[in-house]
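I set down here what I looked up, beginning with the chain as a whole and ending with the chain contact.

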Number of protein chains: 2
Amino acid sequence: MYNQSGLKRIINTALVNLSYNTESEKLIDPVKYVLSMGGKRLRPVLALMAYNLFSDTIDDAVMPVTGLEIFHNFTLVHDDIMDKATVRRGFPTVHNKWNFNQAILSGDVMTFITNECFLQSPSHLLQKVFRVFNKAAIEVCIGQQLDMDFEKAVVVSHEEYLRMIELKTAVLIAASVKIGAMFGSADEKEAEALYEYGRNLGLAFQIQDDILDTYGDIKVFGKTSGGDIIAGKKTMLYVKASEIASPEQKKKLHDIYSSETADHSAKIKSVTEIYDQLNIKNISENLSNDYLRTALYSLEKVSVQQERKAELILMTGSLEGRDH
Amino acid sequence: MYNQSGLKRIINTALVNLSYNTESEKLIDPVKYVLSMGGKRLRPVLALMAYNLFSDTIDDAVMPVTGLEIFHNFTLVHDDIMDKATVRRGFPTVHNKWNFNQAILSGDVMTFITNECFLQSPSHLLQKVFRVFNKAAIEVCIGQQLDMDFEKAVVVSHEEYLRMIELKTAVLIAASVKIGAMFGSADEKEAEALYEYGRNLGLAFQIQDDILDTYGDIKVFGKTSGGDIIAGKKTMLYVKASEIASPEQKKKLHDIYSSETADHSAKIKSVTEIYDQLNIKNISENLSNDYLRTALYSLEKVSVQQERKAELILMTGSLEGRDH
């Protein structure tokens with residue numbers, strides 16, 4: 001059994017040792033740059049944990065699931081272009097450090113490097129696991145589309161918002177866990193239970209991310225606190241606040257949120273005040289924790305010895321109230 | 001045996017009947033838009049022709065090779081963003097009709113729709129054919145990178161230019177023909193000969209494209225004549241002219257070519273005059289025809305009855321002096 005940091009090391013080693021077609025270093029430099037920024041490597045780590053539920057050896061999945069991390073980073077590169085984000089994990093974004101065209105093209109090549117990774121799956125598994133991955137990849141694109149659509153909308157319902165983060169964030173995490181299970185020859189029912197585990201974990205994770213963007217510590221989180229508020233991004237905090245606010249609070253929130261003031265800290269302060277009046281941080285944390293509980297419930301359905309589940313349970317727990 | 005127009009119809013039908021995840025029509029509308037613009041469907045048609053060399057039934061390759069067309073159109077959508085092109089095949093480009101972000105994201109999803117198509121390959125062929133495709137996909141990105149690099153360079157050698165168009169255009173055509181051959185259970189040597197056929201055909205095709213951009217008829221070609229000259233794009237015409245021009249002509253050519261004048265027709269006229277003095281149209285056509293001859297020579301190495309090669313030979317011939 002590997003623990004989280006052991007698995008993260010395995011993925012980081014695989015990322016460093018990736019063999020590229022290096023005929024153009026200009027194309028690959030931004031790829032290496034984003035992949036060296038660090039991060040939790042959550043998706044491949046979860047995939048290997050799921051594999052590890054069923055099998056002690058996990059070597060043949062390392063390269064394929066490394067593709068999940070490359071895909072995820074591809075989405076960050078292109079999302080950052082679309083969001084005009086200048087900083088990611090404390091570093092300049094690719095289009096900021098290079099330029100827009102470079103970020104488009106280097107992002108594009110990452111989708112094919114992802115495929116290269118999956119192509120290293122054992123032949124009998126390739127079609128099966130790649131189908132699960134690719135379905136999620138298309139759903140991630142739909143999620144990003146909904147996210148862009150919501151930017152222009154004043155009102156986004158709780159359900160609409162949940163579906164968006166499900167597509168944009170949760171399905172890839174779900175697919176990652178399911179792919180790991182498939183490497184471990186899990187049966188259909190167990191693979192589905194683990195998909196559900198990942199989906200709920202992903203929803204919790206995104207809601208936590210929303211909370212951290214407003215309430216997190218920049219030194220830990222690497223992003224400027226309040227970035228979502230400044231950009232007027234729809235988040236669970238905003239959606240929940242819109243839902244439970246009084247008509248006056250709601251009007252005030254919507255007016256401030258859609259305003260394009262140069263005084264960023266004033267905007268953040270005004271929005272946060274409304275959130276605080278409505279106890280939004282707590283409500284959102286409870287919601288996130290509900291999803292974590294549902295995730296654990298799905299994990300219970302997987303019939304392997306309890307001690308084999310320890311790492312997945314620890315991972316789930318570490319997301320609870322994650323602002324450290 | 002199917003002829004070219006029969007195969008094109010088969011691909012167009014497959015494209016129309018593609019099943020999409022339509023949860024967001026905003027994401028898919030631009031995809032349908034570019035795929036409905038028409039075009040020769042050269043890559044899947046060549047793939048099916050290669051399959052047809054060895055087999056009368058080609059049905060199981062139709063969906064997989066349709067992926068080649070979707071991939072090709074993905075590259076057009078993203079290249080048009082990078083080139084700031086406003087018109088493609090006589091229609092507004094995606095980023096022009098929608099916006100940059102939409103063109104990035106709808107282009108992205110096309111790469112995964114491409115994967116969906118390949119995933120419909122028979123299990124025993126998937127890994128094999130998808131490897132050939134994906135290697136080409138990465139090379140196409142490198143080719144686009146070199147193309148962008150060359151925009152800023154004044155001098156690009158004949159060899160550098162050839163390598164760029166080989167990567168950007170020829171390898172995908174080569175891979176298409178090879179994939180068709182693999183569906184037809186061609187042996188390694190035949191598959192390689194067909195790859196070489198496609199590679200040379202692709203080089204000829206791109207040189208013809210360069211000639212047509214300057215000397216073609218807009219009504220037939222769908223693009224404004226002289227677009228490459230206005231954009232200062234390095235083409236075989238420019239590279240050849242730079243190579244054989246006198247020092248005076250060369251200086252004049254480079255000065256005009258890099259100038260950003262508002263008088264487009266004057267720029268086109270001045271450059272074309274130098275090309276004409278140097279007989280560049282003829283030289284380039286001869287070069288293109290040399291590649292077509294080499295392509296036919298590779299085709300001879302494939303040991304199937306001559307009459308089975310008729311469609312590929314016709315296709316090769318139709319590219320000769322193609323300005324109709």
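The entries below concern chain A and its contact with chain B.

I note that this is a predicted model, in which local features need pLDDT of at least 70, side-chain atom pairs count only at pLDDT 80 or more, and totals for chains, interfaces and linings use all residues. Residues are numbered from 1 along each chain as its sequence is written, and chains are lettered from A in the order in which they are written.

**Overall form.** I counted 16 helices and 2 strands in chain A (DSSP runs, H or I of at least four residues and E of at least two, numbered from the N terminus). I found the C-alpha trace to span about 60 × 50 × 30 Å along its principal axes. The radius of gyration of chain A is 20 Å, which agrees with the value near 20 Å for a compact globule of 324 residues (taken over C-alpha atoms; the rule is 2.2 Å times the number of residues to the power 0.38). Of the 324 residues, 48% are buried (20 or more other C-beta atoms within 10 Å of their own, C-beta atoms being placed from the backbone).

**Helix pair.** I examined H1(A), residues 4–16, whose axis comes within 10 Å of that of H4(A). The two cross at roughly 85 degrees (lines fitted to C-alpha atoms over the stretch in contact, with angles from 0 to 180 degrees between N-to-C directions). H1(A) is therefore roughly perpendicular to H4(A) (65 to 115 degrees).

**Chain contact.** I found 33 residues of chain A in contact with 33 of chain B (C-beta atoms, placed from the backbone, within 7 Å). H7(A) gives the largest share of the chain A side, 15 residues.

Note on methods
Contact = placed C-beta atoms within 7 Å. Buried ≥ 20, exposed ≤ 12 C-beta atoms within 10 Å, placed from the backbone. Parallel < 35°, antiparallel > 145°, perpendicular 65-115°, else oblique.
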